[in-house]
Amino acid sequence: MTRRTTLTALSTAVALAGAMALGGCASTGGPELTVDGAFIPQPVGDMAGAFLTVTNDGDAADRLTSVSSPLSDDVQIHETKDQKMRRVQSFDIPANGELKLERGGSHIMFMGLKKQPKQGEKVRVELHFEKSGPITVDVPVEAATHNPSHH
Ligand code: CU
């Protein structure tokens, strides 16, 4: 049974190397979220949409439950079905998966804008999750032509 012992020792070494590759960050087995590709099309009315991708490198699922921003006191999360948008309570972020908020699909919506953000500016947005701590993103405002087609 020397062979089995060797294999066990080897897989332990591989597991340790894998853990160290994560930058010494002790993984608790929870979700590990990062946000990228965020943008807000310069709004033309009193509402604005935001789009981004949340990537989960962890082995546990999470949920986007709410969004807050100085831009609006009423920030909602919407999904789009049959070209109509509808408010939802949360979006799933699968383990080792991603949540994509994109034009024509799910999105963040700022109701009753307090000001009109212009292209080139940034809007601070705080994402709240069921398990993970909040993530703050300074979202760039892009050209109005990026506006979601459903408005
Ligand atoms: Cu919407």
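Met85 is partly exposed, with a relative accessibility of 29%; this class lies between buried, under 20% relative accessible area, and exposed, over 50% (1.4 Å probe, protein chains only). The model is predicted: local features need pLDDT of at least 70, side-chain atom pairs count only at pLDDT 80 or more, and totals for chains, interfaces and linings use all residues. Residues are numbered from 1 along each chain as its sequence is written, and side-chain values use heavy atoms, without hydrogens and water.

- Met85 sits in strand E5 (residues 84-87) and His107 in strand E8 (residues 107-111); the pair links distant parts of the chain, 22 residues apart.
- His107 is buried, at 0% relative accessibility.

**Fold overview**

- The protein chain has one helix and 10 strands.
- Helices (H or I, at least four residues) and strands (E, at least two) are DSSP runs, numbered from the N terminus.
- In sequence order the pattern is α-β-β-β-β-β-β-β-β-β-β.
- Of the 151 residues, 35% count as buried.
- Among contacts with a separation of 6 or more, 69% come from residues 24 or more positions apart.
- Contact means heavy atoms within 4.5 Å.

**Strand pairing**

- Strand E3 (residues 62-68) runs antiparallel to E6, and three bridges join them.
- Two strands pair if DSSP finds at least two bridges between them.
- Leu64 has Phe91 as its bridge partner in E6.
- E3 also runs antiparallel to E9, joined by four bridges.
- In E9, Leu127 stands opposite Val67.

**Nonpolar core**

- Nonpolar side chains tend to be buried together in soluble globular proteins.
- Here the largest nonpolar core has 28 residues.
- Such a core is a set of buried Ala, Val, Leu, Ile, Met, Phe, Trp, Tyr and Cys residues joined through side-chain atoms within 4.5 Å.
- The residues with the most contacts inside the core are Leu64, Val67, Ile108, Phe110, Leu127 and Phe129.
- Leaving aside neighbours within four places in sequence, Phe129 contacts Leu33, Val54, Asp62, Arg63, Leu64, Thr65, Ile93 and Ile135.

**Salt bridges**

- Side chains of opposite charge can pair when their charged atoms come close.
- The structure holds eight salt bridges.
- A salt bridge is a side-chain nitrogen of Lys or Arg within 4 Å of a carboxyl oxygen of Asp or Glu.
- Asp138 and Arg124 form one at 2.9 Å, N to O.
- Asp138 lies in strand E10 (residues 135-142) and Arg124 in strand E9 (residues 122-129), so the pair ties together parts that are 14 residues apart in sequence.
- Asp138 is partly exposed at 36%, and Arg124 is partly exposed at 48%.
- Glu79 and Lys81 meet at 3.7 Å, N to O.
- Glu79 counts as buried, at 14% relative accessibility.
- Glu98 bridges to Lys100, with the closest N and O atoms 4.0 Å apart.
- Glu98 is partly exposed at 40%, and Lys100 is partly exposed at 43%.
- Arg63, Asp92 and Glu130 are linked in a salt-bridge network.

**Positive phi in loops**

- Gln83 has a positive phi of about 65 degrees, although it is not a glycine.
- Gln83 is found in the loop between strand E4 (74-81) and E5.
- Gln83 is exposed, with a relative accessible area of 73%.
- Asn96, also not a glycine, has a positive phi near 50 degrees.
- Asn96 lies in the loop between strand E6 (91-93) and strand E7 (97-101).
- Asn96 counts as exposed, at 57% relative accessibility.
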